[in-house]
Amino acid sequence: MKNILLAILTSFFICGCTAMQEAATPIATPASQLNDADRLSTLATLKAELEALADNDARAREGYKPDVVMDQKAMHAMWEKMQILDTANQLRLDEIVKQHGWPEKNDVGAKAAYAAFIVVQHSPREYMKRYAPLLQEAMERGDLSKDNFAMFDDRLRMNCGQPQRYGTQLNTDEKGVRTFWPIEDEANVDKRRAEFGYEPMAEYAKRYKVLYVPYAERIAREAEAKTEAKK
């Protein structure tokens, strides 16, 4: 659980707090079926609801610092808070998407559109898999940034026990040492990262204070060590 929690908390959204009761108020009619005045009112309500989901996501992660190892008691308390608020967020997002489709920035604004993404990003594996096609479509039409989609793809792969592709996800061992989750085709990871808006792995690792030896350098060291061992 410790490894999973810290991986989940690696990328997080910091904002204010809003009560879940306010965020769970249903909208009776899809915005696309309303006249202009009612549609604007409905979208304003939807925008506020989605932003409240983002606020609740942030509240669940209050006090977390990525470069500080938490003790087990504090970690367990944060995990329980996350379970409660994240589950409520996921249920409400299901209702919103079922009724209105995936939120678009032109309708609800950037923060609200991002809120929908962060709810999925902090959800269980099966929930993430269900929304993967919608996130792909959102990225392709510009409603989700490429770097956020890369982070989602890595998180989903990690949760499925597969290597990540963009190197955005971290793992922490029992000694509190933070490392990157295994990376597929690591020799080309920086090329993929550049295509999706990320800096090279070495710079990313430095920013998050994670020890990382670039792939080419690591392979060269291993080859040199094997050569020395044969002498």
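L93 touches L50, L53, W102, A116, V119, V120, Y127 and Y131, leaving aside residues up to four places away in sequence. Contact here means heavy atoms within 4.5 Å.

This is a predicted model, where local features need pLDDT of at least 70, side-chain atom pairs count only at pLDDT 80 or more, and totals for chains, interfaces and linings use all residues. Residues are numbered from 1 along each chain as its sequence is written, and side-chain values use heavy atoms, without hydrogens and water.

**Cores.** The largest nonpolar core has 43 residues. Such a core is a set of buried Ala, Val, Leu, Ile, Met, Phe, Trp, Tyr and Cys residues joined through side-chain atoms within 4.5 Å. Buried means under 20% relative accessible area, with a 1.4 Å probe and protein chains only. L50, L93, W102, V120, L135, F152 and F180 touch the most other members. Another core lies apart from it, with 8 residues, including M70 and W79.

**Rings.** The whole structure holds 9 aromatic pairs. Rings of Phe, Tyr and Trp (its six-membered ring) pair if their centres lie within 6.5 Å; planes under 30 degrees apart are stacked, over 60 edge-to-face, the rest tilted. F149 and F152 form a tilted pair, 6.1 Å centre to centre, with 40 degrees between the planes. F149 counts as buried because its relative accessibility is 8%. F152 is buried too, at 2%. Ring pairs also link F180, Y198, Y204, Y208 and Y212 into a cluster.

**Charges over rings.** The cut-offs are NZ of Lys or CZ of Arg within 6 Å of the ring centre and within 35 degrees of the ring normal.

| Charged residue | Ring | Distance to ring centre |
|---|---|---|
| K146 | F196 | 4.8 Å |
| R193 | Y204 | 4.4 Å |

Technical notes. Buried < 20%, exposed > 50% of the residue type's maximum accessible area, 1.4 Å probe, protein only.
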